[in-house]
Amino acid sequence: MNFKKKRAKSNQEIPTSSMPDIIFMLLLFFMVATTLREVDVYVKFKLPEAVAIEKIENKRLISYIWVGKSGRIQLNDNIVELDEIQDIMYKKRVELPNVIVSLRIDKESDMGVVTDIQQALRKASTLRINYSSMLKQ
Amino acid sequence: MVQIKKKKEIEAKIPDAGMSDIVFLLLLFFLVSTTIDVDTGIGLGLPEYQEEQELVPISKERLVTVNINENGDVLLNKEVIAIPQISENLKERIESKINLPSKKKLIVSIKTDRRTNYNLYIQALDQIVLAYSEVQEAYSQQVYGKALSDLTPEEKKIVIKEKVPKIISIAEPEKIN
């Protein structure tokens with residue numbers, strides 16, 4: 001009698017050579033699917049430098065206001081007028097109660113425009129602000 | 001005829017099972033080493049907007065005013081000062097009030113002209129924040145013997161909120177008549 005075990009004659013290995021390809025695909029998928037919230041900035045600005053700066057931990061909370069050399073104001077994605085800021089920020093605050101406004105203001109600007117923006121923000125009761133600045137070397 | 005024996009073929013294979021590990025390592029390396037640009041800046045809380053201002057009397061003891069005019073001249077309590085000296089000057093004043101109750105802590109009020117350069121304002125504000133931070137750090141070293149960043153959240157709260165709170169006031173813009 002033949003007690004020899006029956007074995008399939010085909011190769012029993014799992015082909016792993018394409019595993020890195022699968023991982024690459026995954027990597028690429030995530031790279032493409034993740035959008036690092038990039039905003040097109042329409043104004044030219046150069047940030048001031050400071051020493052006692054802190055990191056903003058929670059990036060989701062941030063709204064940006066740019067003020068360029070020319071005095072143009074950009075709020076998140078659009079160029080806005082000064083008197084529009086209050087309404088837009090108020091709506092923003094309703095959605096996101098503890099929004100932080102990052103002020104990216106050109107260092108050659110006048111304080112006048114800064115004060116005006118601050119007043120608008122106060123009226124919209126978005127009170128957490130952050131004067132964006134670079135670390136002084 | 002001599003039978004020519006067929007040579008047995010040796011399979012040549014590159015072991016590639018570990019390739020995925022290498023790719024993972026690469027991926028992890030880049031994940032860790034890439035820093036997405038962080039937002040840095042000077043944080044501040046604005047006061048609430050009120051139509052009618054209540055005037056609260058503040059004793060002169062508590063108040064330090066920093067005024068910057070359009071030419072970039074800086075006054076600290078009505079005396080001319082250079083911006084880099086502000087923090088040294090303030091540090092003593094803050095330190096002397098560490099153990100006072102919170103209603104007697106130092107208030108630094110900063111006021112500018114509409115035509116003051118924004119950069120100067122940030123430099124002055126930076127000096128004020130720096131003075132407070134250094135006092136906080138020194139206090140933490142003195143009392144807990146640790147750096148501020150190594151304190152437990154409760155200890156940190158005591159230092160930052162109770163002992164050396166940063167009270168910076170942005171002067172209300174005056175109405176132009």
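Figure 1. The model is predicted, and the predictor assigns the complex an ipTM of 0.72 together with a pTM of 0.75.

Figure 2. Chain A contributes 41 residues to the contact and chain B contributes 35 residues. On the side of chain A that touches chain B, at least two residues each are supplied by α1 (19–33), β2 (54–55), β6 (100–105), α3 (111–123) and β7 (128–132). With 9 residues, α3(A) gives the most to this side. Sorted by class, the side of chain A that touches chain B comprises 21 nonpolar, 12 polar and 8 charged residues.

**Figure 3. The largest nonpolar core and the surroundings of B:Ile128.** The largest nonpolar core holds 47 residues, of which B:Val66, B:Tyr121, B:Ala124 and B:Ile128 touch the most other members. Helix α3(B) provides the largest share of this core, namely 12 residues. When neighbours within four places in sequence are left aside, the contacts of B:Ile128 are B:Val66, B:Ile86, B:Leu90, B:Val108, B:Ile110 and B:Ile168.

**Figure 4. Prediction confidence along chain B.** The mean pLDDT of chain B is 82, and 94% of the residues score at least 70. Confidence in chain B is highest in helix α3 (residues 118–144), at a mean of 88. It is lowest in helix α1 of chain B (residues 19–33), where the mean is 81.

**Figure 5. Fold and dimensions of chain A.** Chain A contains 3 helices and 8 strands, arranged along the sequence in the pattern α-β-β-β-β-β-α-β-α-β-β. Its C-alpha atoms fill a box of roughly 100 × 40 × 30 Å along the principal axes. The radius of gyration of chain A is 27 Å, whereas a compact globule of 137 residues would have a value near 14 Å. Of the 137 residues of chain A, 26% count as buried. Among contacts in chain A with a separation of 6 or more, 78% join residues 24 or more positions apart.

Notes: Residues are numbered from 1 along each chain as its sequence is written. Chains are lettered from A and ligands numbered from 1 in the order in which they are written. This is a predicted model: local features need pLDDT of at least 70, side-chain atom pairs count only at pLDDT 80 or more; totals for chains, interfaces and linings use all residues. Two residues are in contact if their C-beta atoms, placed from the backbone, lie within 7 Å. Helices (H or I, at least four residues) and strands (E, at least two) are DSSP runs, numbered from the N terminus. Ala, Val, Leu, Ile, Met, Phe, Trp, Tyr, Cys and Pro count as nonpolar, Asp, Glu, Lys and Arg as charged, and the others, Gly among them, as polar. pLDDT is the predictor's confidence in each residue, from 0 to 100. A nonpolar core is a set of buried Ala, Val, Leu, Ile, Met, Phe, Trp, Tyr and Cys residues joined through C-beta atoms within 7 Å. A residue is buried if 20 or more other C-beta atoms lie within 10 Å of its own, exposed if 12 or fewer, and partly exposed in between; C-beta atoms are placed from the backbone. The radius of gyration is taken over C-alpha atoms; the globule rule is 2.2 Å times the number of residues to the power 0.38.
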